[in-house]
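Welcome! Let's take a friendly walk through a protein structure, a few parts at a time.

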Amino acid sequence: MSNWTRRRRLLVPMAFAGAAALILAGCAESSGDGGSGKTTVEISGGITGGEADALNKSFDQFTKDTGIKVKYTGDKSFEGNIVTKVTGGSAPDIAIVPQPGLLKSLIGTGEVKEASDAVSKNVDKYWGEDWKAYGTDDGKFYAAPMLANLKGYVWYSPAKFKEWGVEVPQTWDELISLTKTITEKSGGPSWCAGFASDAASGWPGTDWIEDLVLRQAGPDTYDDWVSGKVKFTDPQIKKAFDSVGQILLDPQYVNAGFGDVKSINSTAFADVAAKVADGSCPMTHQASFLSSNFLETKNAAGETTKVAPDGDVYAFVLPGEEAGQKSVEAGGEFVTGFSDDANVQKVIEYMSTPEWANARVKLGGVVSANKGADPTLASSEFLTETMKTLQSDDTTVRFDASDLMPATVGSGSFWKGMVNWIDGTPTDKVLADIQAGYDN
């Protein structure tokens, strides 16, 4: 079993690294091929819009301290184009890669540079062996993690819960009971969901299944499932589908604000935020990043949505079979270098430090699992709690399974299978079809 399959423990940060000047001095000592290096370092990735602007701004202090300019350019087609660009000789200095599987494809081109010793030491100190293993291929370490998101949240209205006289559930059975109670009290579906996504429809459904496999079967089975040792046709995987089906396949419980069960496939994954915000959808399942979508929504009174325990919207982690289970699924990006240039290497090293994590986190909307980062800098109480969960030594974290599986399965037959399942294809047929993706 590879290193990344071991149980991951994240320690709450006890202290921060030294001053930025010392870190930057260390960068200079450990950078690439020496020399003055490029005056502007180019970074590319799939992050766009306001988050792209914040990413560029996160380097302001670094540029003041070093004179090195950093220019990030976002591309919505990044994931589909980056391998072609690299093999065609048009690689950026640095790429922000969102999936370990895509990272391995890029490493396969022979163009990705191994990480420096300084970056490797930072990842050992601030992240841990599992995160490091996601950026490792064939025993060689290439890419440090950047930011993170915590999956498996259930978003809800605290005010509505108070009105209905219900509380946040502590177990899966309590969640199912809550689902029934809300439907009875509200007179409508208790959940909304959206699987539609440009060129990637079905992925929100994979997150549901992954959460249940991790919580019901445990991290070891989850790891074996990711590696292919446990097949989709295994009873443990079918149990997860059956559990999710208690909610998503029951017309009494979905699809609040949108329609029937099949409307899940035609509903854009981010559109659920507006329905939760205005109270027309009692609950939805989505990752921590949905908090940023609420910034653009209005509550029932037409006011800006407040995300807080006493606000319009808040979230709890999807519970497991037993109260107190602390197994969660996460996603994230990896900082991938294509140049040995001294200044490119300085930027890569800086991005592996708590200082950069703090600079980006305090600009809002994101979190980091870097255990040297300060969670109090997060832009909301929710994001602070998310960071603390990722950093807690009581939390067992596993990376998104579909991102770790071969592309023919993880972003192929698994995604397609979730869509077919919602459309009415029997579970056994769906599981067999997903498993067949390994033969493609």
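Here is a short briefing on a core, a strand and a helix. Please keep in mind that this is a predicted model.

**The nonpolar core**
- The largest nonpolar core holds 124 residues, and the members that touch the most others are Phe59, Trp225, Phe241, Leu248 and Val347.
- Helix H12 (residues 235–248) supplies the largest share of this core, with 6 residues.
- This core lies between domain 1 (40–145 + 333–401) and domain 2 (153–329 + 405–439), because both domains give residues to it.
- In soluble globular proteins, nonpolar side chains tend to be buried together.

**A look at Trp225**
- If we set aside neighbours within four places in sequence, Trp225 is in contact with several residues, including Ile209, Val213, Phe232 and Ile237.
- Among its other contacts are Glu210, Ala401, Met405 and Tyr438.

- Strand E11 (residues 396–399) is covered on both faces. Thr396 and Arg398 are buried on one side, while Val397 and Phe399 are buried on the other.
- In a regular strand the side chains alternate between the two faces of the sheet.
- E11 pairs with strand E10 (residues 327–337) in the parallel sense, over 4 bridges.
- Arg398 in E11 is the bridge partner of Glu329.

**Helix H10**
- Helix H10 (residues 203–217) spans 21 Å from its first C-alpha to its last, close to the 21 Å expected for its 15 residues at 1.5 Å a residue.
- Of the 15 residues in H10, 14 are buried, which leaves this helix mostly covered.

Terms used:
Residues are numbered from 1 along each chain as its sequence is written. This is a predicted model: local features need pLDDT of at least 70, side-chain atom pairs count only at pLDDT 80 or more; totals for chains, interfaces and linings use all residues. Side-chain values use heavy atoms; hydrogens and water are left out. A nonpolar core is a set of buried Ala, Val, Leu, Ile, Met, Phe, Trp, Tyr and Cys residues joined through side-chain atoms within 4.5 Å. Buried means under 20% relative accessible area, exposed over 50%, partly exposed in between (1.4 Å probe, protein chains only). Helices (H or I, at least four residues) and strands (E, at least two) are DSSP runs, numbered from the N terminus. Domain bounds come from an automatic or database domain assignment. Contact means heavy atoms within 4.5 Å. Two strands pair if DSSP finds at least two bridges between them. The expected span of a helix is 1.5 Å times one less than its number of residues.
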